[in-house]
Amino acid sequence: MRKIIVSLISLITLQASAQQADIQLPKGFAITNITKDKGRVRHIAVHSNGDVYLKLENLRYGKGILRLRDADKDGVYEDTLAFGNYIGTGIALHKNYLYASSNSAVFRYQLDAANNIVNPDQPERVVYGLVDRRQHASKSIAIDPKGNLYVNIGAPSNVCQERDRMQGSKGMMPCPILDSAGGIWKFRADKLEQSYAEGVRYATGLRNVVGLDWNTEVNELFVTVHGRDMLYQHFPELYDAKAGAELPAETFYMVKQGDNAGWPYVYWDPFQNKKILSPEYGGDGKKEGAPDAIKPLVGFPGHLAPNALLFYTGNQFPEKYRNGAFIAFHGSWNRNPQVQEGFYVVFVPMKNGQPTGDWEIFADGFTGKGKVSNPRDAMHRPCGLAMGPDGSLYVSDDAKGYVWKISYSAK
Amino acid sequence: MRKLIVVLSLLTVGIVSQSMQTPNAASITRGKALYAQYCMSCHQADGAGAPRMTPPLGKTDYVTGDKARLIGIVLKGLNEPLEVNGEEYFNPMASFAHMNDQQIADVLTYIRNSFGNKASAITPAEVKAQRAKIK
């Protein structure tokens, strides 16, 4: 009898460990997993022929890019091509080229008429020599229809203190990091061997953009920013633990050439709806600062880590989704002692580049177990978004290396 | 009388060496509060760190091994490629040199005896000695 009970228990345990995360979606949407266990899958891109490209942050089969192909269109991606000997985050398709970034450079690969990569082992180097000091090193990329390449260069710093993340260390004035990071740089997608000298600092005061996308409805660049840390830990006299978990907002901006979003001097407080002076620069939680800095379109709860942005331009989803923004949140690590939040994909309804209503959670349940106090316990962490040629939405996960396809059917 | 002194000094030596080795409960209690204040946001409540960003504190030689190296990381901070138990971590650790010797000893004694760890205490004198080397 005891033996049977033991076997039963192990059977139950086995089943539990094999369980899939149950992803919840609005009515009419369905989700299918197209690949799993591919490691740290960061951003993704889907080609017009349906090929799915994954940029990896750890080498898989010794390579940093995977192409998944479903040649017979039966829904099973039977063909996997691995290439690129570097890790990174950014990936994009433009004309007959695939673009991919390492943490310091951008490369491109020509595609032939059959959509095969002409020379997977010898990419052309489009941009090189970008700041990579480990913190906020990922280089997200987006390309506009005119062939301009936008690259995020995250600040290797929390808030530009003399000594990074050290309690009591003052903010540097002016912040020297902004000369080469903490913003978006613009290059040409069709020119090789560019670096800072050939690029333009397109927008500044952006601590660490991970999601960025070009909006073809209004022809502007939009970004999602990871806000600063340590308000409560370094200034407990100004911020309690709850305020530290909720401040500052994670932000979503439209950025035009020359714009400044205010980092490190200010952060966005979504409760006061103000740009508040950073305490490292003399702020007290109330004083405003950076009057010339732009304001965000949306302030999301603090620390949720918006890792991907995608404007929906397809025809498959209902009308309310057209030209709206999907944002994949990676989930927080620094809301202790509260539980971590934000392992989900949200939708912001938009028209003409402006939100037309409140943001809503579109896809949830990625942690696989409800609330987690350590992000390590989340089964999946949303990280990349892409739209397929049929208007389906693809979501990647850099915890377990899953990619899903979300489709809509009115029936 | 002489005998008594010998016994007493032996006892004292015993107590001193005992306190060098066995973590003191009061130090661990103080260390736990300091951990919550200074360390927990990055290293997490369970000491397991955050994927890609902050390394775990349990079952790693960085914590239970060489005391001088551990004290040095807290005093100087750390921002260089770091692999712990086969995983790489990217976020820098700040210097906590603004904490005093007793506080650093307490918090390190706490982490050396939490999250599955069991290691000897760290004393304020050991922190002081490392601090002197840095200056």
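These legends go with close-up views of aromatic rings and their neighbours in a predicted model.

**View 1. Phe329(A) meets Tyr344(A) edge-to-face.** Across all chains there are 34 aromatic pairs, and here's one of them: the ring centres of Phe329(A) and Tyr344(A) are 6.0 Å apart, and with the planes at 75° the pair comes out as edge-to-face, since anything over 60 degrees gets that label. Phe329(A) belongs to strand β22 (residues 325-329) of chain A, while Tyr344(A) is in the loop between β22 and β23 (345-348), so the pair ties together parts that sit 15 residues apart in sequence. Both partners are tucked away: Phe329(A) is buried at a relative accessible area of 0%, and Tyr344(A) is buried too, at 8%.

**View 2. Tyr402(A) and Trp404(A) make a tilted pair.** Here the rings are 5.6 Å apart, centre to centre, with 40° between the planes. Tyr402(A) is buried, with 9% relative accessibility.

**View 3. An aromatic cluster in chain A.** Pick out Phe29(A), then Tyr312(A), Phe317(A), Tyr321(A) and Phe326(A), and carry on to Phe347(A), Phe362(A) and Tyr408(A): together they form one aromatic cluster.

**View 4. Arg60(A) over the ring of Tyr61(A).**

**View 5. Arg69(B) over the ring of Tyr62(B).** Over in chain B, the charged end of Arg69(B) sits above the Tyr62(B) ring, 4.1 Å from its centre.

Note on methods:
Residues are numbered from 1 along each chain as its sequence is written. Chains are lettered from A and ligands numbered from 1 in the order in which they are written. This is a predicted model: local features need pLDDT of at least 70, side-chain atom pairs count only at pLDDT 80 or more; totals for chains, interfaces and linings use all residues. Side-chain values use heavy atoms; hydrogens and water are left out. Rings of Phe, Tyr and Trp (its six-membered ring) pair if their centres lie within 6.5 Å; planes under 30 degrees apart count as stacked, over 60 as edge-to-face and the rest as tilted. Helices (H or I, at least four residues) and strands (E, at least two) are DSSP runs, numbered from the N terminus. Buried means under 20% relative accessible area, exposed over 50%, partly exposed in between (1.4 Å probe, protein chains only). A charge sits over a ring if NZ of Lys or CZ of Arg is within 6 Å of the ring centre and within 35 degrees of the ring normal.
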